[in-house]
Amino acid sequence: MKKIIAGTIAAAVAGLFLCFPASVNAEANSASKAKDIAQKDRIYGLRDFFSVKWLKDPQLSSNGKKILFTKEMRSVDKNAICSSICVLDLADGSVKSFSSDKERAHSARWSPDGRYIAFIKSVGGDSQVYVMPSSGGKPVKITDMAYGASGPVWSPDSKKIIFASSVYAALKTNDDNKAKKSAKEKSKVKARIINEIPYQVFDHWRDDLFSHLFIVDIDGKNLRDLTPGKFDVPPIDLGTNCDYSFSPDGKEICFVSNKDKNLAWSTNNDLFRINLENMSISKITENKGNDAGSVYSPNGRYIAYVSMERPGFEADRRVLTVYDRKTSEIKKISDSLDRSILGYSWSPDGNSLVGWADDDGFTALYKISMDGTYKRLTNKMTCDGAFFSKDGQRIFFRNQNTVTPPYLVSCDLEGNDVKTVLDINPEFSSFKMNKAEHFHFKASDGETIQGFIVRPPNFRKGNTYPLVYLIHGGPQSSWTDDFHQRWNTQLFASDGYVVATVNFRGSTGWGQKFTDAISGNWGGTPYQDLMEGLDYILASYDFVDKDRMAAVGASYGGYMVNWIMGHTDRFACAISLSGVFNTISEYGTTEELWFPEWEMGGTPYENRELYEKWNPVNFVSNFKTPCLVIHGEEDYRVPVSESKQLFTALRRNDVPAQFLYFPDECHFIRKPQNMQLWYKTMDAWLKRWLKG
């Protein structure tokens, strides 16, 4: 996800242009030069991490001349994520802001006629749809939904907007929902009566609320619920960033929903369409696995989406698929590519799409043709958010790496002529950082495993350094060469640590067989890969001190840290965040039952043996490694009871431990002041055991 481009592309990019806002170029360049001189070779630190501007959600205007994007920042003072809507003029490189950096505005979309911009703005935690002229002016709030609004999408005639909002399915009007919400907030009784599962989803209670799709005129009139009933649009999980859209002729809407009765153990999202003439809803897909995404081709004949074949498996291969609205034929056009398509966008002529997928520690762009052929466009780059230029001759996308936050890039249709279009963090060129080094090793069973190593900024040959061994979550995800928003390798490295990551079996980017290898095998081959990867690092990099190493991970990474503590004492300390400690209790408290049922081959009542085989709690008697435990109360994916049990077990066994508990965080630590405490507490723990 970068201004400096990794690997073989770096030299080609060195002489290319860098576009900054023309209106502020002189001032910014002058200030930047002075700043660069003042902080030449400055060590990157926690304060710098919180000053990063994150370029997100780029959107091309209908005339192809401008790009909307969200600039996001973490405000420690406000203890909030702030974001503003900005527009880049491709002709002169100027950037104009449509909202304040002190607000929370995002999800900006151009109207098809180019006259307006719709976006979501949050005021006091209330998120609603706003519309403003694209030439500038005062935004007008057009929704006032009881439980807020999200995801605005324009109608082709630029007269209406569809969006999602949560409602009580039994209530007919927005006023009814407001009245019930108000009564609930005023009531001194906070008890809940629960009848169904899931009653929680990731970080919030469902409370009999369902997400529905609404349509409204751009003046805020004629609000209508398009999907009344007890089902969610978009689905509660496993969707994409585009799960409802208008057909180009404006006659129908395609949306994604899961209408299975038992959502807690179903991954069966499907595509549906609404005929806007008679408001009838019909189902498009019959696949029992997960189908998600709804992107019409420019001529309206096709709908592109991603499809998983196996029911109940959330990490099956995501195949780019097209539905022919004329013949009802469904064709998997990326079936020959053994990678999961993470996102995609149509070419203007509708003959191909650009998609991106994890590959060998990076995220590559692919041009995928309707006949099922594909061409890889990028090498050793971490890319996403790609879309074609108006004339179809170039592709814009976000890029990043371990030394540069996301920035906007373009290339030609062959992946050549790579140009930096916009970098909103130019100061990063002056920080003293070391790029991630890409390595491979052979596991004992012959499989090739990939990893990264990052040296500290003041690295000196001949010295030895403590190691922070980061273990990713998912577990079906991967470490890539990116500037991570949470587990930022440069922050660990800047404190004098070597940082290493290994993409063990179960990771994405090496084919579906490699990803499948972790299911039913949580503490087996993945643990083997991590330990053999550590052996490789110690044998290959003589500057790593084998007596000063820490194992650090979150989610599945936290599980693996818990597993490691029961199976080896080679680490001087450990950090476990939001990790599974007891596979039996975690099953009964998580909200997504399909996940443990797939990974452990059923429920613990049906397949107790496998749950017990890979259960860290069964190896507590071996625990000796000092461990920092971290968890948030509002984590409903891996409930906080897991870390409470872990901390109790550590202290009962007289193992040095500390519990950092957040009453206001979920599976991720999000609030800036909490993030600050999180990093400072980890830093203190690492210093105590690796440098004390």
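**Exercise 1.** Determine whether Tyr199 is buried, partly exposed or exposed in this predicted model, and identify the surface patch that contains Tyr199.

*Solution.* Step 1: the relative accessible area of Tyr199 is 31%. Step 2: the partly exposed class lies between the buried limit, under 20%, and the exposed limit, over 50%. Tyr199 is therefore partly exposed, given its value of 31%. Step 3: in the chain, Tyr199 belongs to the loop between α4 (174-186) and β12. Step 4: together with Ile194, Ile197 and Trp265, Tyr199 makes a nonpolar surface patch of about 350 Å².

**Exercise 2.** Classify the aromatic pair of Phe202 and Phe668, then state where its two residues lie and how accessible they are.

*Solution.* Step 4: Phe202 is found in the loop between β12 (200-201) and β13 (204-205), and Phe668 in the loop between β40 (657-662) and α13 (672-691). With 466 residues separating them, the pair links distant parts of the chain. Step 5: Phe202 is buried at a relative accessible area of 17%, whereas Phe668, at 27%, is partly exposed.

**Exercise 3.** Describe the burial of strand β14 (residues 209-217) and its strand partners.

*Solution.* Step 1: 9 of the 9 residues of β14 are buried. Step 2: both faces are covered, with Leu209, Ser211, Leu213, Ile215 and Asp217 on one side, and Phe210, His212, Phe214 and Val216 on the other. Step 3: strand β11 (residues 160-168) runs antiparallel to β14 and is joined to it by 9 bridges; Val167 has Phe210 as its bridge partner. Step 4: β14 also pairs with β15 (residues 224-225), in the antiparallel sense, over 2 bridges, and Phe214 stands opposite Asp225. Step 5: β14 and β15 form a hairpin with 6 residues between them, and Gly220 in the turn has a positive phi of about 90°.

**Exercise 4.** Which charged ends sit over the rings of Phe231 and Phe459?

*Solution.* Step 1: over Phe231 sits the charged end of Lys259, 4.1 Å from the ring centre. Step 2: over Phe459 sits the charged end of Arg455, 4.8 Å from the ring centre.

Notes
Residues are numbered from 1 along each chain as its sequence is written. This is a predicted model: local features need pLDDT of at least 70, side-chain atom pairs count only at pLDDT 80 or more; totals for chains, interfaces and linings use all residues. Side-chain values use heavy atoms; hydrogens and water are left out. Rings of Phe, Tyr and Trp (its six-membered ring) pair if their centres lie within 6.5 Å; planes under 30 degrees apart count as stacked, over 60 as edge-to-face and the rest as tilted. Helices (H or I, at least four residues) and strands (E, at least two) are DSSP runs, numbered from the N terminus. Buried means under 20% relative accessible area, exposed over 50%, partly exposed in between (1.4 Å probe, protein chains only). A charge sits over a ring if NZ of Lys or CZ of Arg is within 6 Å of the ring centre and within 35 degrees of the ring normal. Two strands pair if DSSP finds at least two bridges between them. Patches are made of residues with over 30% relative accessible area and no salt bridge: like charges are joined within 9 Å, nonpolar side chains (Val, Leu, Ile, Met, Phe, Trp, Tyr) within 5 Å. Accessible areas come from the Shrake-Rupley method with a 1.4 Å probe; for residues, only the protein chains shown count as cover. A salt bridge is a side-chain nitrogen of Lys or Arg within 4 Å of a carboxyl oxygen of Asp or Glu.
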